[in-house]
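Thanks for coming, everyone. Please have a look at the model on the screen before I start.

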Amino acid sequence: MKFRPPEAFAASSQGYRLLPLRFRRLPWNRDRVFVSSLAGDWLTMERAMFERFVRHELDPTDPVLADLQARHLAVVDLQRSALAPLLSQYRTRKAYLLGGPALHIFVVSLRCHHTCNYCQVSRQQTSKTAFDLGADAARLAVDRLFEWPSQELTIEFQGGEPLLNFEQVRAITERVVARNETEKRSLRFVLASTLHDLTDEQLAFFQTHRFKLSTSLDGPEWLHNANRPRPERDSYRRTVEGIERGRKALGEDAISALTTLTKRSLEAPEAIIDEYRRLGLHSISLRPLSHYGFAAKTRERNGYDTAAFLAFYDRALEHLLAVNRSGYSMDETFASLLLSQLLGPFGHGYVDLRSPTGAGFGAVIYDYDGQVYPSDEARMLAAMGDNSFSLGNVGQPVSEWLASPAMHRLMAAGVAESLPTCSDCAYVPMCGADPIEHYARQGDAIGHRPTSDFCSRQMGMFDLLLQRYETASVADRQILESWALGAGADESPEVALDAAA
Ligand code: SF4
């Protein structure tokens with residue numbers, strides 16, 4: 001039996017039928033529009049041509065119509081199924097939903113040596129072992145981990161400084177590996193650490209279990225030490241030594257770094273990128289400040305608005321392209337994720353670019369006290385006294401977490417395609433929903449996109465990258481395409497962006 005499209009899509013036509021689409025006039029050229037399909041295929045075209053298209057004024061043999069058809073924006077042959085290829089593409093883009101959460105973060109200690117004033121964690125002094133994950137909670141958390149259906153599990157250890165409770169890192173890893181003898185899942189271990197206190201014994205353990213290490217490096221020494229103070233003012237030296245030791249033991253690709261941008265950082269995009277190059281790093285994450293934890297308290301001093309971040313990012317992107325043109329490959333992680341959304345058919349696991357939201361649907365956090373959260377931001381909210389997004393504790397089965405009021409809130413506000421403003425936005429097939437950030441910033445999980453920092457940043461980044469791609473030389477285009485191709489290839493996108501040490 002032939003598939004018959006719903007009446008809504010079978011509008012009267014001059015030989016072709018429109019499929020559901022959204023469009024946006026390009027801010028840098030008001031005579032052109034970005035047009036996207038339900039499944040995220042897109043093109044840019046002259047506005048006048050677009051108007052003729054939606055009025056059914058194009059000739060069915062017009063090559064523009066063939067292009068529109070290839071991107072699931074129109075159907076020319078009315079005898080053939082209109083929606084099957086579109087739906088297949090849609091399923092491909094949302095395939096991440098099928099497995100359930102793949103990223104499982106164990107917060108093994110809140111203790112830390114640093115006193116970073118941008119810290120989004122409710123860090124504690126190194127002597128306060130009461131803020132370590134205990135053996136009973138760790139054992140239960142591993143049991144819960146295997147209740148999730150995902151065949152691929154990334155187990156990430158975070159803090160505070162997780163090496164301050166290495167005993168529990170070891171115990172959890174060994175328990176997971178033993179249980180996996182029968183479970184046969186694909187496992188990946190990650191540690192987000194300053195790398196300052198790595199011992200030979202720890203490195204040997206990480207080598208055995210093929211750990212990836214993620215650390216924070218904010219740029220050159222003056223900037224890193226200013227952003228990440230220690231009483232001895234030696235954070236930069238110790239981080240660089242940790243990176244070198246990690247590389248020697250685990251291999252060049254096993255260590256990644258990310259930078260958190262303070263107001264001071266915004267003045268130095270070139271210096272930050274050059275520092276990464278000097279250290280032989282081929283990827284950088286230019287991560288804006290968090291709004292949680294200590295970062296919320298010091299926002300006045302360290303903070304900046306989205307326009308300032310985007311201006312910084314524009315400068316950074318130009319410098320990164322120049323570095324790549326000079327023969328040294330280096331990508332920016334978030335740009336790579338956005339470009340892969342724009343230029344590829346697949347969706348990926350990064351929480352801000354998933355709809356339904358990645359919180360709880362893509363990631364789960366097991367906190368030091370046995371409480372469980374759908375995202376790090378939910379954990380931070382709880383640390384600030386608001387338990388609205390707490391799923392429960394490790395003593396409860398996963399089914400109870402899924403039935404929790406927190407998951408209901410996330411489901412109600414976590415589908416971008418159904419949110420006010422997003423539902424009409426041409427970028428929505430590649431964007432995501434972030435109900436917890438909107439709840440935290442605007443007091444409402446659905447939020448108000450016209451005044452939302454999240455939306456300004458997402459839209460600004462899509463515009464910036466699209467404009468740069470559209471106007472790029474052949475060489476720059478190839479660089480940007482290589483970033484899209486490499487996005488998440490050997491790195492969990494969640495880990496690449498969210499693993500803050
Ligand atoms: S958050 Fe903003 S950019 Fe993203 S889909 Fe919604 S309206 Fe568009």
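First, the ground rules. This is a predicted model, so to speak of local features we need pLDDT of at least 70, side-chain atom pairs count only at pLDDT 80 or more, and totals for chains, interfaces and linings use all residues. Residues are numbered from 1 along each chain as its sequence is written, and side-chain values use heavy atoms, with hydrogens and water left out.

Now the overall picture. The protein has 20 helices and 16 strands. Both are DSSP runs, numbered from the N terminus: helices are H or I with at least four residues, strands are E with at least two. Of the 501 residues, 57% are buried. Buried means under 20% relative accessible area, exposed means over 50%, and partly exposed is in between, with a 1.4 Å probe and protein chains only. The protein exposes about 20,500 Å², and carbon and sulfur atoms supply 52% of that. Accessible areas come from the Shrake-Rupley method with a 1.4 Å probe; for residues, only the protein chains shown count as cover.

What about contacts? A contact means heavy atoms within 4.5 Å. Take the contacts between residues at least 6 apart in sequence: 70% of them join residues at least 24 apart.

H8 covers residues 235-250. How far apart should its ends be? At 1.5 Å a residue, its 16 residues should span 22 Å, and the end C-alpha atoms are 22 Å apart, which agrees. The expected span is 1.5 Å times one less than the number of residues.

Which residues of H8 are buried? They are Ser235, Tyr236, Thr239, Val240, Gly242, Ile243, Gly246, Arg247 and Leu250. Seen down the axis of H8, these buried residues fall within an arc of 155°, so they line one face of the helix. The arc is taken from the directions from the helix axis to the C-beta atoms.

Leu281 is in the loop between helix H9 (269-278) and strand E11 (283-284). Is Leu281 buried or exposed? Leu281 is buried, at 5% relative accessible area. Leaving out residues up to four places away in sequence, Leu281 touches Leu217, Arg247, Ile255, Ala257, Tyr276, Tyr328 and Met330. Arg247 was on our list of buried H8 residues. Ile243 of that list is 38 residues from Leu281 along the chain, and their C-alpha atoms are separated by 10.0 Å.

Now a longer jump in sequence. Leu140 is in helix H4, residues 135-145. Leu140 is partly exposed, at 26% relative accessible area. Leu140 and Val394 are 254 residues apart in sequence, yet 5.7 Å apart from C-alpha to C-alpha. Not counting residues up to four places away, Leu140 touches Val394 and Gly395.

On to the backbone. A cis peptide bond joins Gly159 and Gly160, with omega about 15°. Gly160 is in the loop between strand E7 (152-158) and helix H5 (166-183). The bond from Ser355 to Pro356 is also cis, with omega near 0°.

Two residues other than glycine have a positive phi. For His72, phi is near 60°. His72 counts as buried, at 15% relative accessibility. For Leu195, phi is about 70°. Leu195 is buried too, with a relative accessible area of 1%.

Last stop, the ligand. Which residues are around it? They are Cys422, Cys425, Val428, Cys431, Arg449, Phe454, Cys455 and Met459. A residue is near a molecule if one of its heavy atoms lies within 4 Å of it. By class, this shell has seven nonpolar, no polar and one charged residues. Ala, Val, Leu, Ile, Met, Phe, Trp, Tyr, Cys and Pro count as nonpolar; Asp, Glu, Lys and Arg count as charged; the others, Gly among them, count as polar.

That is my tour. Thank you.
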